[in-house]
Amino acid sequence: MSNTLDSQIEGNNGSINSISDRGTQLPGHREIDKFGQNRDSVFFRDGVRRIDFVLSYVDDKDGDKKAERRREFEANLEKAGLELETEDKSASDDRKTYYLKIHAPWEVLATYADVLKIKVPFKASDIPKAREVPLEWFTHPFRLPDNIMRPEPDYFTAPFDKSKVDFFLIDDKDTFFPPSTRNRIVYYILTRCPYYKEDRKEKDKTGIKRLLNNSTYTSAYPLHDCQYWKKAQDMQCESERYHLYRYWARFLCFYKEQPLNLIKKYYGEKIGIYFAWLGFYTEMLFFAAVMGVICFVYGVLSYEDNITSKEICDPEIGGRIVMCPLCDKKCSYWKLNSTCLSSWQSHLFDNEGTVFFAMFMGIWVTLFLEFWKRRQARLEYEWDLVDFEEEQQQLQIRPEYELKCTGRRLNRITQVPASINQIRNLQKLL
């Protein structure tokens with residue numbers, strides 16, 4: 001899904017013409033007027049409904065069969081509450097590709113946020129922020145602006161409950177769920193939406209993944225927000241990707257701290273945790289690199305005191321020692337002093353200091369694991385991800401598995417329904 005984000009959207013988000021008359025109109029396809037659209041726009045033609053997902057397809061020799069699949073699939077998407085809008089192939093770069101834009105209205109978002117137990121804010125955090133520590137001014141060159149490091153205030157969160165909407169901090173229903181959450185909900189629907197007819201219930205004909213495999217659709221992806229190289233002129237369009245590029249994804253910003261909160265907000269918690277680990281790993285490697293440089297410098301300084309290399313290079317010692325051939329037939333005998341240069345070079349990296357480097361790395365590995373556990377626990381608390389893994393395992397079951405295994409049993413310990421597969425895994429462990 002992510003491998004088509006950037007390359008396809010930049011050319012598809014600009015001026016697009018209306019759908020042409022292709023005979024049979026697919027359900028959910030709204031005929032639209034031919035007028036230009038701001039390249040930064042991430043909305044439908046009406047400028048109100050946000051594009052949460054895009055499906056693309058082309059007409060080919062099997063067009064009738066694939067068109068029927070698309071017709072059934074898109075009809076079921078509409079039954080699920082999603083709103084669709086199609087762009088004509090004349091707007092694409094290759095003049096062959098159609099684009100189906102998908103919008104999830106509030107009712108759909110609220111329903112599936114309740115199903116997926118997505119955590120949303122219900123109260124502003126009143127926990128006082130940590131005070132500045134001494135010598136904190138030393139880290140100012142490595143810091144980023146506060147609006148980038150913390151793009152949104154801190155809140156207390158709770159799993160969304162559609163029956164208790166007034167409990168949560170909902171100022172605007174259109175912006176209450178961030179784009180990453182909206183994309184996740186729409187993709188959840190796409191992976192479970194069938195494309196068989198009502199009179200023929202073939203349960204295996206389900207999900208966008210299967211439609212991508214049989215080339216009914218060529219790709220499925222969410223939109224980025226606007227252009228990354230310049231700030232959006234459209235006030236409705238966020239510029240979070242621009243900020244990520246300016247303050248994070250450029251080589252000249254390698255010494256800056258990572259805007260993890262903005263990464264988490266834009267890409268989601270999983271990607272945020274990954275880059276948190278990657279940044280922490282790179283920071284810890286700095287200490288290992290410093291120790292490695294010290295060992296290398298020691299090898300350079302002790303270059304003249306290397307007795308082993310001196311004996312190898314000495315004509316009276318290494319020149320008289322004859323070594324066996326390195327191979328059976330074509331190799332001849334050779335003298336030990338022929339390895340004089342390589343022995344000096346190996347001393348730079350393999351000397352007495354290497355022993356201390358090995359001891360240091362043994363300690364470094366232990367400290368790295370323990371410090372990362374501490375850092376991970378802190379992120380889990382700040383991002384409210386304490387039970388994230390358990391929730392993901394319980395809620396994000398593969399759609400193919402759900403079709404085959406519908407039986408569930410109540411876990412007598414946790415009182416949570418468990419699938420048959422989970423029970424079998426537990427039995428194997430026991």
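Begin by selecting Glu-382, a partly exposed residue with a relative accessible area of 41%. The structure on display is a predicted model.

The side chains of Arg-378 and Glu-382 form a salt bridge, with 3.2 Å from N to O. Arg-378 counts as exposed because its relative accessible area of 54% is over 50%. Display helix α13, residues 353-382, as a cartoon: both partners lie in this helix, four residues apart, which is about one turn of the helix.

Arg-45 is found in the loop that runs between α1 (5-12) and β1 (53-58). Is Arg-45 buried or exposed? Its relative accessible area is 9%, so Arg-45 is buried. Now show the side chain of Glu-87 as well: a polar contact of 3.4 Å links it to the side chain of Arg-45.

Move on to Asp-46 and Arg-49. These two residues make a salt bridge in which the closest N and O atoms are 2.8 Å apart.

Side chains of opposite charge can pair when their charged atoms come close. For another example, select Arg-150 and Asp-154, which form a salt bridge with the closest N and O atoms 3.5 Å apart. Arg-150 is partly exposed, with a relative accessible area of 40%, and Asp-154 is also partly exposed, with a value of 37%. In total, the structure holds 14 salt bridges.

**Two annotated segments**

**Aromatic rings**

Now show the side chains of the aromatic residues. How many aromatic pairs does the structure hold? There are 27 aromatic pairs. Select Phe-254 and Tyr-255 for one of them: the ring centres are 5.7 Å apart and the planes stand at 80°, so this pair is edge-to-face. Phe-254 is exposed, with a relative accessible area of 62%, while Tyr-255 is partly exposed, with 39%.

For a cluster of rings, select Trp-106, Phe-122, Phe-160, Phe-167, Phe-168, Phe-176 and Phe-177, which are linked by ring pairs.

The last stop is Tyr-188 together with Arg-192. Turn the view until the ring of Tyr-188 is seen from the side: Arg-192 lies over the face of this ring, at 3.8 Å from the ring centre.

Key. Residues numbered from 1 in each chain as written. Predicted model: local features only at pLDDT ≥ 70, side-chain atom pairs only at ≥ 80, totals over all residues. Heavy atoms only, no water. Helix = DSSP H or I, 4+ residues; strand = E, 2+ residues; numbered from the N terminus. Buried < 20%, exposed > 50% of the residue type's maximum accessible area, 1.4 Å probe, protein only. Polar contact = N/O pair within 3.5 Å; in protein donor to acceptor, adjacent residues only side chain to side chain. Salt bridge = Lys/Arg side-chain N within 4 Å of Asp/Glu carboxyl O. Phe/Tyr/Trp six-rings, centres within 6.5 Å; stacked < 30°, edge-to-face > 60°. Lys NZ or Arg CZ within 6 Å of the ring centre and 35° of its normal.
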